Amino acid sequence: MTMFSKKIACIGAGYVGGPTMAVIAMKCPQYKVDVVDVSEARIKAWQTDQLPIYEPGLLEVVKAARGRNLFFSTDISTAIRESEIIFVSVNTPTKTFGEGAGKAADLQYWEKVAREILRESKSSKIVIEKSTLPVKTAQTMENILNANGKKIRFEVISNPEFLAEGSAIQDLLEPDRVLIGSRETPEGLRARQEIVEIYANWVPREKILTSNIWSAELSKLVANAFLAQRISSINSISALCEKTDANVQEVARAVGMDSRVGSRFLNASVGFGGSCFKKDILNLVYISESYGLNEVARYWESVLQMNEFQEARFVRMIIREMFNTIVGKRIALFGFAFKADTSDTRESPAIHIARKLLEEKSHVAITDPKALDNARIDLAGSGSDADFLEDPYKAAQGAHAIAIMTEWALYRSLDWEKIYKYMEKPAFLFDGRNILDHERLFEIGFNVYPLGRPPLKHF
Ligand code: UDX
Ligand code: ADP
């Protein structure tokens, strides 16, 4: 068909590829967008109204474009052959084996895709790194792609995705910025311009930044490292607040009103999760070490150590306050997703906390409005003493304690008096997200343990 002015393919239909392509297709009806994936189940789900990921507003965007200029399929070869521009958004987890295990990125999926692109292509193409990748990956990709006897040329572009889950659609529609990095050769600059034009369909020009390709790759890691660092900073202060009777929310407000600091991302929590922060900081640490910059590596590594400390001390607090034993006690975890408004549980602090509570021989009742299927997968093999319940009231039935793991808005409007009646006494409430009305819960009868604020106890 010739009616489309650009043909775009996206390999990898996950949390990044799916929403990003849906928004491009909705905003640019003049382009054809083919989203492909190896997972048949995932692609099938994208073709129905039961999308494979939960993201507010996503279904409406998909429905606006699906079948018109947005197509989901497992036919990767055709999508590669027919497109001029290929976004790659396959998973790049942390390596679990061999050299760099636990730190370096596992690039096997990426490399596989590069080889598929090379095998299937009959014409020159622009290949865009959308997944987060270590700095200098583009070099490897160029080496693989351009080592061909076909006389076709591939321009590799880094266009890191800054969307946050739970607000992906909003972030894509009105991004703070779009970053497009390329080689600074004439071909590289031309390819860069082609990608700028895609986003310029709905993003104001001044928000579309261009840079050299290494800056673009590095900026993604650094943006996430800075965000994670803010959370670790405020979490470290929450521990100090608990010792000094200061209130971390009051401290965060006072600090955040300094316009040089800013007020966002200063909520103390049980720890940050998500597929990006830990992985990206590990990438930063690994690359710093590989250049012999050990002080730089240790500096960023401490952001992760603080996160682990925060999770560990939350569990220690639960055990200590519940009279130093939780054996046989039922503990309800409210929320399992790594943040609100997503079904994603990757690196969720709830995983580590649930495992530790199970190791201490407690019964864990998990409730979450969207993430129970993932929770079951995450805890498979960690003992059978976990229940998974859609209904938070059922999870609280007979519980000795509730621990808030995710800041789902619905937890604020629950009937807490009813929940209190359902529970064993004394009833404990550990608010790992500081989202509830602690004074009111205390009046109902709960012993309340916020983060970084004095506890409210009846004994
Ligand atoms: C992050 C970046 O924000 C995004 O730009 C990038 O593209 C991918 O990584 P995401 O992981 O989806 O996005 O979620 P984010 O909103 O950044 O939250 C990460 C974690 O930090 C969550 O577990 C969240 O609950 C936690 N968090 C966030 C806090 O504990 N306190 C805060 O103040 C903010
Ligand atoms: P992200 O959060 O980065 O989007 P996901 O794990 O949600 O990560 O999505 C990555 C997707 O990439 C998965 O659906 C996976 O099946 C897909 N994928 C991985 N390797 C390939 C490949 N070689 N070809 C096509 N799709 C792939």
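Isoleucine 366 sits across from phenylalanine 388, a residue of strand β11. To place that pair, look at strand β10, residues 363–367, which runs parallel to β11 and is joined to it by three bridges. Two strands are said to pair if DSSP finds at least two bridges between them. Strands here are DSSP runs of E with at least two residues, helices are runs of H or I with at least four, and both are numbered from the N terminus. Before going on, keep in mind that this is a predicted model: local features need pLDDT of at least 70, side-chain atom pairs count only at pLDDT 80 or more, and totals for chains, interfaces and linings use all residues. Residues are numbered from 1 along each chain as its sequence is written, while chains are lettered from A and ligands numbered from 1 in the order in which they are written.

Now widen the view to the whole sheet. It's an open sheet of six parallel-paired strands, in the order β11-β10-β9-β12-β13-β14. At its edges lie β11 (386–388) and β14 (447–449), each pairing on one side only. Neighbouring strands in this sheet are turned by 20 degrees against each other on average, direction ignored.

Helices lie across these strands. Helix α13, residues 349–359, lies across β9 (330–334), β10 and β11, and runs at about 155 degrees to β10. Helix α12, residues 294–321, lies across β12 (401–404), β13 (428–431) and β14, at about 165 degrees to β13. For these angles, axes are lines fitted to C-alpha atoms, for helices over the stretch in contact, and the values run from 0 to 180 degrees between N-to-C directions.

Next, step back to the chain's domains. The assignment gives domain 1 (6–203) and domain 2 (213–459), with bounds that come from an automatic or database domain assignment. Their centres, taken over C-alpha atoms, are 32 Å apart. Where they touch, 28 residues come from domain 1 and 26 residues from domain 2; being in contact means that two residues have C-beta atoms, placed from the backbone, within 7 Å. On the domain 1 side, β7 (178–182) gives the most, with four residues.

What about strand β5? Where does it sit, enclosed or open? Five of the five residues of β5 are buried, so this strand is largely enclosed by the rest of the structure. Buried means that 20 or more other C-beta atoms lie within 10 Å of a residue's own; 12 or fewer makes it exposed, anything in between partly exposed, with C-beta atoms placed from the backbone. Lys125, Val127 and Glu129 point one way from β5, while Ile126 and Ile128 point the other way. Four bridges join β5 to the parallel strand β4 (residues 85–88), and valine 88 stands opposite glutamate 129.

Follow the chain into the loop between β5 (125–129) and α6 (137–146), and you'll find serine 131. Serine 131 counts as buried because it has 26 C-beta neighbours inside 10 Å. Leaving out residues up to four places away in sequence, serine 131 touches several others, including Gly12, Val88, Asn91 and Trp110.

Finally, find ligand 1, with 19 residues around it; the closest are Asn267, Ser269, Phe272, Gly274 and Cys276. A residue is near a molecule if its C-beta atom, placed from the backbone, lies within 6 Å of it.
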